[in-house]
Amino acid sequence: MSNNKWSDYINPSVKRIPPSGIRKFFDLAAEMEGVISLGVGEPDFVTPWHIREACVYSLNRGRTSYTSNQGLLELREEIAQYLGSQRVHYDPKKEVLVTVGVSEALDIALRTLIIPGDEVIIPTPCYVSYIPCTALAGGIPVTVQTSMEDNFRLTADKLEAVITPKSKVLLLCFPNNPTGAIMDRETLLQIAELVEKHDLLVIADEIYERLTYNGQHTCFASLPGMRDRTIILNGFSKAYAMTGWRLGYAAGHEDFIAAMNKIHQYTMLCAPITAQVAALEALRNGKSAVDKMVAQYNRRRRLVLHGFKEIGLTCFEPGGAFYAFPYVGDTGLTAAEFAENLLLEEKVAVVPGDVFGPGGEGCIRCSYASSVEDLTEAIKRMGRFIKHRGMK
Ligand code: PLP
């Protein structure tokens, strides 16, 4: 290497990605003792034993090879059957791709679709990867801000207002990270109409779909006319407490799946066989374990909502995922100041809402994928913090 600095060699698109706003808080929290973290978006359960057992059994039988690029056919069949239960039908041979988490599926879906300069419409607050992954794929992220007044739902009016001739993809995530918002069928139908009218494609990240507490989740691809305009992303991390296994999938029109597979086969080759075997067991026999975890999350959701009310924080009622998104602006602090001081003074880690894009300002994301004891103690500490600071 010449006298140049490393940064001179780095791709400008990579350089432009801002540092993660969440990292700073995790680094701070890692240096402290006695911190209760409501910061991470990860189940606090371990993967159900029968799923782990299925993996151990297959390892003992020596199943350690690559699989087909698209993933084990029996797993794809099981995925297609599961999606069938959501009223959308795919051919497991051609229309399902098993990926390394939803993260890989998201990345290759965007890279498959985007021609540099295409606009990707992203309702915010949104999952932290959407904007950087869009930009890395050469797309232009166009954010559309949802708000507490609309229960953090995307409305058809707000969507139509940002559509331009360059709009190509709408990136939906319901139940939502970070707000916990869900969408009602009526509004989704209005959005589907706009998608059709403006010839858009939809990437529907439905990773939290099993964690729905109010009403029933509507799979976007199941709406009239949407099957072949939508690529569904889903996975095992959240519902089955399998974050570390790194397994997800994409389902959509066969031409699109074949195009995604072109990237996948040269970058990942295939998802790990151990995780695929585990996922097969999860889909076949995991329902009661998931139901139990969902019941736990729901109980904690109510506890947290009640607790926030008691300590004077306004919080809209999240209908899914495992996040609450209370408003802390009444303390006179910004969300970042609130999060930093709460961590330093009361040792509770939360994530400031602005990390998730426009619309998140003034709110904090609190994950309730934590024990009832930790949640109770965290709310007590937050109450003390707010009392000490006073409300404006
Ligand atoms: N999509 C959303 C909305 C998420 O919240 C997350 C993880 O937090 C992911 C995707 C990543 O999922 P996976 O573990 O399957 O890569």
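Let's start at the ligand, where the shell holds 13 residues, and Gly101, Val102, Ser103, Gly235 and Ser237 come nearest. A residue is near a molecule here if its C-beta atom, placed from the backbone, lies within 6 Å of it. Helix H6 (residues 101–113) gives the largest share of this shell, 3 residues. By class, the shell has 4 nonpolar, 8 polar and 1 charged residues. In this scheme Ala, Val, Leu, Ile, Met, Phe, Trp, Tyr, Cys and Pro count as nonpolar, Asp, Glu, Lys and Arg as charged, and the others, Gly among them, as polar.

A word on the model itself: it is predicted, local features need pLDDT of at least 70, side-chain atom pairs count only at pLDDT 80 or more, and totals for chains, interfaces and linings use all residues. Residues are numbered from 1 along each chain as its sequence is written. Helices (H or I, at least four residues) and strands (E, at least two) are DSSP runs, numbered from the N terminus.

Stepping back, we find the protein chain divided into domain 1 (10–47 + 288–389) and domain 2 (49–285), with bounds that come from an automatic or database domain assignment. Their C-alpha centres lie 25 Å apart. Domain 1 brings 35 residues to the contact and domain 2 brings 38 residues, where two residues are in contact if their C-beta atoms, placed from the backbone, lie within 7 Å. On the side of domain 1 that touches domain 2, the elements giving two or more residues are H12 and strand S9 (323–324). H12 supplies the largest share of that side, 6 residues.

Now follow helix H14 (residues 372–389). Its 18 residues reach 26 Å from the first C-alpha to the last, close to the 26 Å expected at 1.5 Å a residue; the expected span is 1.5 Å times one less than the number of residues. Leu375, Ala378, Ile379, Met382, Phe385 and Ile386 are buried in H14. These residues cover an arc of only 120° around the axis, which puts them on the same side of H14. The arc is that of the directions from the helix axis to the C-beta atoms. On the other side of H14, Glu373, Lys387 and His388 are exposed. For these terms, a residue is buried if 20 or more other C-beta atoms lie within 10 Å of its own, exposed if 12 or fewer, and partly exposed in between, with C-beta atoms placed from the backbone. The cover over the buried residues of H14 includes strand S1 (36–37), helix H12 (287–310), helix H13 (335–346) and strand S10 (348–349). After H14 comes glycine 390, with a positive phi near 80°.

Phenylalanine 26 lies in helix H3 (residues 23–30) and counts as partly exposed because it has 15 C-beta neighbours inside 10 Å. Proline 116 sits in the loop between H6 and strand S3 (119–124), and counts as exposed because it has 8 C-beta neighbours inside 10 Å.
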